[in-house]
Amino acid sequence: MKIAGAGMLARRSYSGCDKPGALMLPFNVPEHAKRHRASMTTKPGHDAYIAAAPEPFRALLSRLRAQLALPDAEEVIKYDMPGFQIEGAIIAGYAAFSKQCGLYVDPGAISAHADKIASLKIKATKTGITFSARKPIPDELVQKLAASSRRAKGL
């Protein structure tokens, strides 16, 4: 493939052919797409995610996983975090960061339990709650958020 100077495009087209009128791009898109697709499909599962998390959060993440696991839900990795999906809809997800963890659910679940979240002085956004290992989300609230998220998705 020949890379052209400023204002010019490479000779290789998106489709990989050099036919006149084909869309020309400065890199081989199909190869780039293959690499991107491969990285999306080979992400580790929940066990590997928890094992790679900072040590103070591993037990907490394992507990969240057990609480969020629904009998008819599929464990998935989406948006670089573990979650639970039913009929293609993400019901809940969780993540570990350097100083905190997060639980992510449907916005309706957060708003339905906003008073309880506020009374516990837990930081919340529209779709998630962040917390530390020293002050985790109470088990009862995790279960309520997961159930509310599922109802909000109509499942």
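Trainee: Which residues have the most contacts inside the largest nonpolar core, and how many residues does that core have?

Mentor: Before that, some housekeeping: this is a predicted model, where local features need pLDDT of at least 70 and side-chain atom pairs count only at pLDDT 80 or more, while totals for chains, interfaces and linings use all residues. Residues are numbered from 1 along each chain as its sequence is written, and side-chain values use heavy atoms, with hydrogens and water left out.

Now the core. It has 31 residues, and those with the most contacts inside it are Leu 61, Leu 68, Leu 103, Ile 129, Phe 131, Ile 137 and Leu 145. A nonpolar core here is a set of buried Ala, Val, Leu, Ile, Met, Phe, Trp, Tyr and Cys residues joined through side-chain atoms within 4.5 Å; buried means under 20% relative accessible area, exposed over 50%, and partly exposed in between (1.4 Å probe, protein chains only). Among the elements that give two or more residues to this core are helix 3 (55–68), strand 3, strand 4 and strand 6. Helices (H or I, at least four residues) and strands (E, at least two) are DSSP runs, numbered from the N terminus.

Let's stay with strand 4 (residues 101–105). Four of its five residues are buried, so the strand is largely enclosed by the rest of the structure. On one side, strand 4 pairs with strand 3 (residues 89–96) in the antiparallel sense over five bridges; two strands count as paired if DSSP finds at least two bridges between them. Val 105 in strand 4 stands opposite Ala 92. Strand 4 is also joined by four bridges to strand 6 (residues 128–131), again antiparallel, and there Leu 103 has Ile 129 as its bridge partner.

Leu 103 turns up again in the contacts of Leu 68, which also touches Phe 84, Ala 92, Tyr 94, Val 142 and Ala 146, not counting residues up to four places away in sequence. Contact means heavy atoms within 4.5 Å.

Finally, the turn: strand 3 and strand 4 form a hairpin with four residues between them, and Phe 97 lies in that loop. At 37% relative accessibility, Phe 97 counts as partly exposed. Leaving out residues up to four places away in sequence, Phe 97 touches Pro 54, Phe 57, Gly 102 and Tyr 104. Phe 57 is 40 residues from Phe 97 in sequence, but their C-alpha atoms are 8.9 Å apart in space.
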